[in-house]
Structure formats: C-alpha cells, structure tokens
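Please examine the structure shown here, together with its sequence.

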Amino acid sequence: MANVEPQECLSVALKLVKQAGDLVRDAIKKKKNIEMKSSAVDLVTETDKAVEKLLITGLSSAFPDHKFIGEESVAGGEKCVLTDEPTWIIDPVDGTMNFVHSFPYTCISVALWVNKDAEVGIVYNPILEHMFTALKGQGAYLNDEKISASGETDLSKALVFSEMGTSHDPEKVDTVITNITTLLTKVHGCRTMGCAALHMSHVARGAADANYTMGVHCWDIAAGSLLVKEAGGVVIDTAGGPFDLMRRRVLCASTQELAEKIAKLLKQYQPERDDAH
Ligand code: IPD
C-alpha cells in the first residue's frame, strides 16, 4: 500500500487546485468550446480537460503510487474502479452547465480516498473564492473558518437542495418531478444550484439543511461527502441505507433524523453504478 500523509496530500492538492481555479476564473468569462457526452445537456469543455490534466499531472508527480478516477479520463474510456489503494477522485469542473452559462456556481472537486474511505476533501469555487476543505477527523473549513452543519431536525424548517441532473431518461425525469412535488409542501424551501459538490458544501456550512440526488457520479460527491461528515452532518443512501460512493445516489443532511425523514418520502431511482464496467 502506498504511503499516505493526509496533511501533506492536502497541501500539495491545495496548491494545484488554486492553479486550476485560475484557469476556471479566466475561462468562465470567455467563449467555450462545448462538446456533449452522455446527453445533449451533459457537457464538457476544454477547461474541464485542461484542469483534469493539470491536477493529475501534478498529483501523480508528487504521489507516483497513487491511483486516479477523473471525470474526463473515465469519459475517455478509463475504468472507474475504487480499490483500497490511495485514489484521487477528481471532478475538474463540477457544474459544467453553470460554467458554460457563466453562472458563478461551479467548482473544482478533489478527494483522496484510502481503504474506500475519504481522507481529504477539497471543493473550490474560484469565482466566489469559496475554498471548502476537510481532513478526516479534523473538521471542515470554508476558507480559514471552521464550519458546521445546521443541526436542523424538523422537515418543515429545512431548506433542501436537489438536482435536476443531466439524464433525460423518462423514469429519471419522473423521479425528479415526483420528489420535488412531494417535498415542496412539506419543507421550508426547495432549491437547486446545478452543482452537486457545492450543494453538499453548503449543507456542510449550514446554509442549507439537506441535499439529495440520484444519478450523480462518484467524482461529484467524493469530496462533498467528507465535508458534510466533518461538519457534523450525515451522508446516507437516498433510500436510507449506508452511503455507497459508486451507487450514484446520495442524501446528506444536518442530522440523521432529518435525513431519515427525507429518505422515507423519496421515490427511488437506480442508475447504472459507476463501477459497472
Ligand atoms: C453534474 C453536476 C450536476 C448534477 C449532474 C452532474 P458535471 O456534474 O454536478 O449538478 O446534476 O448529475 O453530472 O458534469 O457538471 O461535472
């Protein structure tokens, strides 16, 4: 097993993520070259590819034995397999649709998982200068301030994020609409920002009380899941069982009580697992 020093891994990754942030901040103002992936609304730009290359090149030179799962590498045909080995899980631009529209809720998400557990999590929105970080067992931070989940338990007082997603599969679309219809009259408010990693980061900082989504990928939620847990929140499957990073479903909340109340109300959808191939 490769050697892992989480604090050192965080410092190296932070430097690279800040450089990547410069690329995103510069590119968001310009015209983008946009390509489609799994659907007409699942997009990739030259910035997604450049950021992923910068991060993987920098991290693999610092940690030659570590493994990688990167959104654009997987789109290019690489396998998406999580082993016990130290593995960096990277979404170079989460919220690519937002980025394409210059909507400033987009971020770089980088996590280090070891023994199938998150050790390091970074979510950086370079447009609004929000740097969320967490190390396992050491709390979560926004810039230099420690953050905490809200502690909310009451569904009727909860601000809840969810995702529209990028799939036009009729069963998925129906699940999204059914769940919003169910929750809308039971919660304080429903919101969607179009960026899974930022949804989780804002639950971690107590600016929203829960977030659920089905159809995301491991790179969208690998860092956010650590941020939420380190901020005192919980991360479970949308049906209420244990969280499985490769299952493409996540429900996070300020408290277990709130998470379970939401899980009981949700219609479920199971996309193909990330590690299916
Ligand atoms: C997408 C975003 C979006 C979510 C999609 C993701 P990407 O990630 O997180 O909020 O609804 O399911 O694929 O493609 O912009 O990195």
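The paragraphs that follow treat the pockets and then the ring contacts.

This is a predicted model, in which local features need pLDDT of at least 70 and side-chain atom pairs count only at pLDDT 80 or more, while totals for chains, interfaces and linings use all residues. Residues are numbered from 1 along each chain as its sequence is written, and side-chain values use heavy atoms, with hydrogens and water left out.

Rolling a probe the size of a water molecule over the atoms shows where empty space is left. A pocket is an open set of points on a 1 Å grid over the protein atoms alone, where a 1.4 Å probe fits, with protein on both sides within 12 Å along at least five of seven lines; lining residues have an atom within 4 Å of a point. The volume is the space filled by probe spheres set on the points, which are joined across faces, edges and corners.

The largest pocket has a volume of about 1000 Å³. Its lining consists of 45 residues, and Asp42, Thr166, Gly215, His217 and Arg248 lie nearest its centre. Two or more lining residues come from each of helix H3 (71-75), strand S4 (87-94), helix H4 (96-100), strand S12 (210-214) and helix H7 (218-230); helices (H or I, at least four residues) and strands (E, at least two) are DSSP runs, numbered from the N terminus.

The second largest pocket has a volume of about 220 Å³. Of its 14 lining residues, Leu14, Met131, Thr133, Asn143 and Asp144 are the closest to its centre. Helix H1 (6-27) and strand S7 (130-135) each supply at least two residues of this lining, and S7 gives the most, with four.

The structure also holds two aromatic pairs, that is, rings of Phe, Tyr and Trp (its six-membered ring) whose centres lie within 6.5 Å; planes under 30 degrees apart count as stacked, over 60 as edge-to-face and the rest as tilted. Phe63 and Trp88 are stacked, at 5.9 Å centre to centre and 25 degrees between the planes. Because Phe63 lies in the loop between helix H2 (46-62) and strand S3 (67-70) and Trp88 in strand S4, the pair ties together parts that are 25 residues apart in sequence. Both Phe63 and Trp88 are buried (under 20% relative accessible area, with exposed over 50% and partly exposed in between, for a 1.4 Å probe and protein chains only).

Phe103 and Tyr105 form a tilted pair, 5.1 Å centre to centre with 50 degrees between the planes. Phe103 is partly exposed, at 37% relative accessibility, and Tyr105 is partly exposed at 28%.
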